[in-house]
Amino acid sequence: MALLEVKVPQLSESVAEATLLTWHKKIGDAVKRDENLIDIETDKVVLELPAPADGVIVQLIKGDGSTVVADEIIAVIDTDASAKVSPMEVAAVPVPQSGNAPTPVAAPELQSKSAAGIAMPAAAKLLAENNLSAAQVDGSGKDGRVTKGDALGAIANKPAAPAPLAAAPAKPALQQVAAPTKANLDDRPEERVPMSRLRARIAERLVQSQSTNAILTTFNEVNMQPVMDLRTKYKDKFEKEHGVKLGFMSFFVKAAVAALKKYPIVNASVDGNDIVYHGYFDIGIAVGSPRGLVVPVLRDADQMSIADIEKKIGEFGAKAKDGKLTLDDLTGGTFSISNGGTFGSMLSTPIINPPQSAILGVHATKDRAVVENGQIVIRPMNYLAMSYDHRIIDGREAVLALVAMKEALEDPARLLLDL
């Protein structure tokens, strides 16, 4: 028997710990090298942990929902085995010793065929902490086993023990379970769900942005007709030539880069008492995902063509949907663009993404009545909002930068002629 430890991969410098989401294999399952064993959630991305070699899972040291750190042992693979191991073989496997390694998950074969009254490891721990036994809980797992969900339900419905007459009221026990709990009070249901690591990180960064930046927002409106006409004229040829649809976001990216070149302070950031001017243009594109808002970065956007930008944005959208964005995709950025118009937003004040100093908010393009040459006409208008850090960006530079974006969008030829 040749045992190989499965460890948590190295996390980025800013990530101290991670959470194990879902094991895709159980004890006794054969695995192939590079096959995904488990999804690991950090406060930035969800990582896949590939099997380091062919073999059979013989120990699971950490279960779903466990908090782990880099290089921590979470499973053991027998690289000599090629078929499902027997109970005796599993029982004989030594458990890797570490200061915070819990009791390994037992192999299914070791449990009774009739498992009523038997709790799974996570459930058993919860029941013990709440002075309940598995026999008191109806199990919904295989063969009647008590699952973690069954234990949570039993704990939620557990009647409160009466306090001794002479004793002072006991303090309520701390909530130990980081899992959804439901309550139904007079047909007014509530559900308490812990934040994911990503959501908690988003919350932390937004509060940080609001508390450390002197945020102001300037607004302008842009007539999108020239861009729409250009898109209508060339969209079919563009898609045929480049294999990607011609959208609007690439024009906003190009317009932003043009403005940042004219007003470098908007592309800068604060580091202590220093202002850091960036000689490159890494544009973050806010993207909604099932796990929350993420901001992948278009690196060296000034060197990208319209087609390159459209392809990369499409790639980011697909990766965000599938949870495949990497730490490299999300690292850095000197300026961001948030497109609330995708969801129908008319106007908003976007929050700066630290350590950047400005962000452009794009909204829904709608036909509106505007005045041109003394006449009221209908034009497809889009309201732009740029939030900026007033500590280093004065109102003059902020307004002029947004005006430069407006002028580039209303006359796209400027983007080609670098005007």
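Let's start in helix H9, residues 395-410. Glu410 and Lys406 both sit in this helix, four residues apart, which is about one turn. Their side chains meet in a salt bridge, 3.0 Å from N to O. A quick note before I go on: this is a predicted model.

Are these two residues buried or exposed? Lys406 is buried, because its relative accessible area is 18% and the cut-off for buried is under 20%. Glu410 is partly exposed, at 27%.

Arg396 forms a salt bridge with Glu397, and the closest N and O atoms are 3.1 Å apart. Arg396 counts as exposed, with 56% relative accessibility.

How many salt bridges does the structure hold? Twelve. One of them joins Asp282 to Arg299, with the closest N and O atoms 3.7 Å apart. This pair links distant parts of the chain, 17 residues apart. Asp282 lies in the loop between strand S13 (274-276) and S14. Arg299 lies in the loop between strand S17 (297-298) and helix H7 (306-322). Asp282 is buried, at 7% relative accessible area. Arg299 is partly exposed, at 31%. There is also a network of salt bridges, linking Lys312, Glu315, Lys319 and Asp329.

Now the sheets. In general, strands of a sheet pair through backbone hydrogen bonds, either parallel or antiparallel. Four strands here form an open sheet in the order S5-S4-S2-S7, with antiparallel pairing. Strand S5 (46-50) and strand S7 (67-68) are at the edges. Each has a single partner strand, so one side of each is left without a neighbour in the sheet. Further in, S2 (residues 18-23) and S4 (residues 36-41) pair over three bridges. Thr19 stands opposite Glu41 in S4.

Another open sheet of four strands runs S1-S8-S6-S3, again with antiparallel pairing. Which strands stand at its edges? Strand S1 (3-7) and strand S3 (30-31). Two bridges join S3 to S6, residues 55-60. Ala30 has Val56 in S6 as its bridge partner.

Next, some parallel pairs. Strand S14 (residues 283-285) runs parallel to S18, joined by three bridges. Ile283 stands opposite Phe335 in S18. S18 also runs parallel to S19, this time through four bridges. Ser338 faces Gly361 in S19.

Remember Phe335. The largest nonpolar core has 74 residues, and Phe335 is among those with the most contacts inside it, along with Val253 and Ile337. Which helix gives the largest share of this core? Helix H6, residues 249-262, with nine residues. Domain 1 (3-78) and domain 2 (200-416) both contribute residues, so the core lies between them. A second, separate core has nine residues, including Ala134, Val137, Val146 and Ala151. As a general point, nonpolar side chains tend to be buried together in soluble globular proteins.

Helix H6 also holds Ser250. Ser250 is buried, with a relative accessible area of 0%. Ser250 and Ala301 are 51 residues apart in sequence, and 9.8 Å apart in space, C-alpha to C-alpha.

Last stop, the surface. Phe219, Met346 and Leu347 make a nonpolar patch of about 300 Å². Where is Leu347? In the loop between strand S18 (335-339) and strand S19 (358-362). Leu347 is partly exposed, at 42% relative accessible area.

Technical notes. Residues are numbered from 1 along each chain as its sequence is written. This is a predicted model: local features need pLDDT of at least 70, side-chain atom pairs count only at pLDDT 80 or more; totals for chains, interfaces and linings use all residues. Side-chain values use heavy atoms; hydrogens and water are left out. Patches are made of residues with over 30% relative accessible area and no salt bridge: like charges are joined within 9 Å, nonpolar side chains (Val, Leu, Ile, Met, Phe, Trp, Tyr) within 5 Å. Accessible areas come from the Shrake-Rupley method with a 1.4 Å probe; for residues, only the protein chains shown count as cover. A salt bridge is a side-chain nitrogen of Lys or Arg within 4 Å of a carboxyl oxygen of Asp or Glu. Buried means under 20% relative accessible area, exposed over 50%, partly exposed in between (1.4 Å probe, protein chains only). Two strands pair if DSSP finds at least two bridges between them. A nonpolar core is a set of buried Ala, Val, Leu, Ile, Met, Phe, Trp, Tyr and Cys residues joined through side-chain atoms within 4.5 Å. Domain bounds come from an automatic or database domain assignment.
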